[in-house]
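Please keep the sequence and the three-dimensional view at hand while reading.

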Amino acid sequence: MTHRNDRVLSVAELARVEGEGALYIRASGNKVEEARLDIYEPPRFFEAFLRGRAYTEPPDITARICGICPVAYQTSAYLAIEEACGVTVDGPIADLRRLLYCGEWIESHSLHIYLLHAPDFLGYSSGIEMATERRDIVERGLGMKKAGNAILEAVGGRAIHPINVRIGGFYRAPSRAELAALTDPLRRALEDALATVRWVAGFDFPDHMCEADMLALSAPGTYPIERGTVATRSGLAFPASAWEDHVIEEHVPHSTALHAHLAGGGRYLTGPLARYSLSSQWLSPLAREAASDAGLGPSCDNPFRSIIVRAVEVVYAIEEALRIIAAYEPPDRPAVDVPPRAGVGCGASEAPRGTLWHRYEIGADGIISAARIVPPTSQNQATIEADLRAFVEARIDLEDDELTRQCEQAIRNYDPCISCATHFLNLTVQRSLPVRTDGGPSSSYVRAGRGHRRRERVPP
Amino acid sequence: MVIGVGNEFRRDDGVGPAVVGQLRDLVPPGVRLVITDGEPTRLMDAWTGAALAIVVDAVHAHPPQPGKIYRFVVDRPGTGQEPAASSHGLGLDDAISLAIALDRMPGRLIVHAVEAADLTHGAGLTPTVAAAVGTVASAILDDIGAGRPGPASADPG
């Protein structure tokens with residue numbers, strides 16, 4: 001005979017995630033009944049804030065949505081507005097844009113790999129603890145991140161919320177000498193990035209597969225960063241302007257973020273795994289070789305291995321940056337003219353965390369009448385929930401502490417930028433399990449906030 | 001140097017940048033003013049090698065007293081590990097811990113913190129917090145030996 005024993009494990013402050021939110025998991029016996037990721041999404045505020053503003057403003061305004069990926073917001077914004085105005089930007093200005101974006105990838109991925117994700121695999125409670133014991137390793141990651149910062153400073157004007165980006169290009173184009181000064185640090189960073197791939201490839205990875213379609217930009221001939229059409233692993237291919245025909249967003253009660261799915265009903269994953277699985281053939285030979293040596297095939301479905309994919313993408317981004325810098329000739333003018341015209345434009349780019357899509361409606365006077373922003377984390381939300389559900393079910397027998405730790409790690413696989421402007425993530429696991437039959441007490445564990453725990457007796 | 005931590009689009013989280021904005025014409029030449037989102041490695045990079053670093057940030061406290069000003073001379077991370085009222089999950093405590101681990105603390109670190117009342121989305125400080133801006137700016141000028149800025153003023157948003 002068994003009774004029911006309700007246990008609630010609540011861990012506040014899932015640190016090392018950029019944002020805030022809450023994960024709630026409810027299990028009954030060996031089955032997870034519910035996995036719910038509550039997130040609070042600032043782009044909705046910015047969509048309202050952008051209405052009535054000049055068409056020249058979104059790159060500066062939307063850059064403030066996220067301190068980690070401002071270039072992604074700027075890029076998707078100027079692409080959308082330039083499309084609405086019928087302007088295409090190419091040549092050295094386009095190269096500079098890709099270079100700037102490479103800087104963001106290097107910076108964001110290095111931060112995630114070294115301070116957020118690697119500690120999970122190595123048994124450290126945080127990147128700080130890892131820094132105490134493995135200072136050399138952490139210094140290597142920070143050195144790579146600094147090389148990315150330097151690109152943002154040289155091209156974007158400063159490392160956070162770059163101020164040199166405008167519709168049509170830049171306010172000022174860097175000189176050849178300014179970019180050449182980045183070369184030696186980037187060469188050192190490339191060696192460190194290759195060492196990083198070898199390092200993370202040696203981690204132990206749980207056997208786990210994400211069951212979802214994958215969506216990323218595709219730009220045959222090159223790995224997608226700041227341009228491309230939208231593609232899915234299931235075979236869809238469409239321009240950013242057709243996004244709303246294929247990607248459906250719905251409100252869910254537990255979140256201010258909208259849940260995205262494909263028009264056919266399927267949930268999908270965007271981000272490094274999707275990019276890699278759709279475009280690994282377009283990586284540079286060195287990055288492909290590093291991926292292969294690290295045990296990656298042409299695609300990757302295990303979210304835990306995303307740390308390897310991020311490391312490979314850092315290799316690629318550094319190589320791309322070096323290639324662009326070596327070939328750079330300053331443009332005659334830092335920006336092309338983009339006169340306003342009435343219209344609708346859509347733009348998409350590959351933020352470090354996945355595809356970021358913008359849409360703007362502009363009047364003939366250049367005033368924005370509508371704005372829509374779909375960030376990668378809200379696209380991934382349903383997939384993260386489904387993935388957590390499967391992940392927990394396979395590990396339901398683990399003790400609460402270990403299950404919680406593994407759930408935290410599983411969430412960090414996705415590097416969710418849950419708010420881009422908020423505080424922390426709460427994780428709650430509630431489960432019903434058979435109680436002891438030896439006459440011992442039934443117990444409820446309640447942990448509210450890190451380091452605080454109490455045990456309560458509950459009736460059977 | 002003076003580092004304002006916060007997000008101007010999260011109401012009172014913008015108090016750090018607001019203080020730095022007020023100091024812009026008041027600090028002596030050579031005093032560097034920085035605004036950052038509080039990401040620890042950026043904070044650490046900003047203060048590495050500085051003889052004196054002054055950080056201004058928004059905080060929560062319990063029980064709350066919005067607008068209350070705190071000043072700490074810091075040589076170790078706090079013990080509470082409560083997240084700061086800044087834009088990201090990694091905050092000032094993480095920056096201090098990381099800097100200690102990597103030998104990258106400034107010669108002296110002073111933190112001025114202002115209790116936030118409103119951290120929802122939107123621009124502009126609440127009046128209570130805005131009223132603290134001038135006081136904090138004045139205290140920072142005292143810290144760096146530059147006298148007072150005159151009557152406190154701030155945009156109440």
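In chain A, helix α8 spans residues 183-201; its 19 residues reach 27 Å from the first C-alpha to the last, close to the 27 Å expected at 1.5 Å a residue. The model discussed here is a predicted one.

The surroundings of this helix may be considered next. The buried residues of α8(A) are L186(A), A189(A), L190(A), D192(A), A193(A), L194(A), T196(A), V197(A), W199(A) and V200(A). Packed against these buried residues are four helices of chain A, namely α4 (91-122), α6 (135-156), α11 (285-293) and α12 (306-327).

The chain as a whole provides the context. Chain A contains 14 helices and 17 strands, and 52% of its 460 residues are buried. Of the contacts in chain A between residues at least 6 apart in sequence, 75% join residues at least 24 apart.

Two of the helices that pack against α8(A), α4(A) and α12(A), also meet each other. Two packed helices are described by the angle between their axes and the distance between the axes. For α4(A) and α12(A), the axes come within 9 Å and cross at roughly 150 degrees. Because an angle over 145 degrees counts as roughly antiparallel, α4(A) is roughly antiparallel to α12(A). Their crossing is left-handed. The residues of this contact between α4(A) and α12(A) comprise 14 nonpolar, five polar and five charged.

Helix α4(A) has a further partner in α3(A), which covers residues 70-84. The axes of α3(A) and α4(A) come within 9 Å, with a crossing angle of roughly 150 degrees; the two helices are therefore roughly antiparallel to each other. This crossing of α3(A) and α4(A) is left-handed. On the α3(A) side, the contact involves V71(A), A72(A) and T75(A), which meet R97(A), L100(A), Y101(A) and E104(A) of α4(A). By class, the residues of this contact are four nonpolar, one polar and two charged.

Attention now turns to chain B. Where does R104(B) lie? R104(B) is found in the loop between α3 (92-101) and β5 (108-115) of chain B. R104(B) and A50(B) are 54 residues apart in sequence, while their C-alpha atoms lie 9.5 Å apart in space.

Definitions and conventions:
Residues are numbered from 1 along each chain as its sequence is written. Chains are lettered from A and ligands numbered from 1 in the order in which they are written. This is a predicted model: local features need pLDDT of at least 70, side-chain atom pairs count only at pLDDT 80 or more; totals for chains, interfaces and linings use all residues. A residue is buried if 20 or more other C-beta atoms lie within 10 Å of its own, exposed if 12 or fewer, and partly exposed in between; C-beta atoms are placed from the backbone. Two residues are in contact if their C-beta atoms, placed from the backbone, lie within 7 Å. The expected span of a helix is 1.5 Å times one less than its number of residues. Axes are lines fitted to C-alpha atoms, for helices over the stretch in contact, and angles run from 0 to 180 degrees between N-to-C directions. Angles under 35 degrees count as roughly parallel, over 145 as roughly antiparallel, 65 to 115 as roughly perpendicular and the rest as oblique. A crossing is left-handed if the near helix is turned anticlockwise from the far one by less than a right angle, and right-handed if clockwise. Ala, Val, Leu, Ile, Met, Phe, Trp, Tyr, Cys and Pro count as nonpolar, Asp, Glu, Lys and Arg as charged, and the others, Gly among them, as polar.
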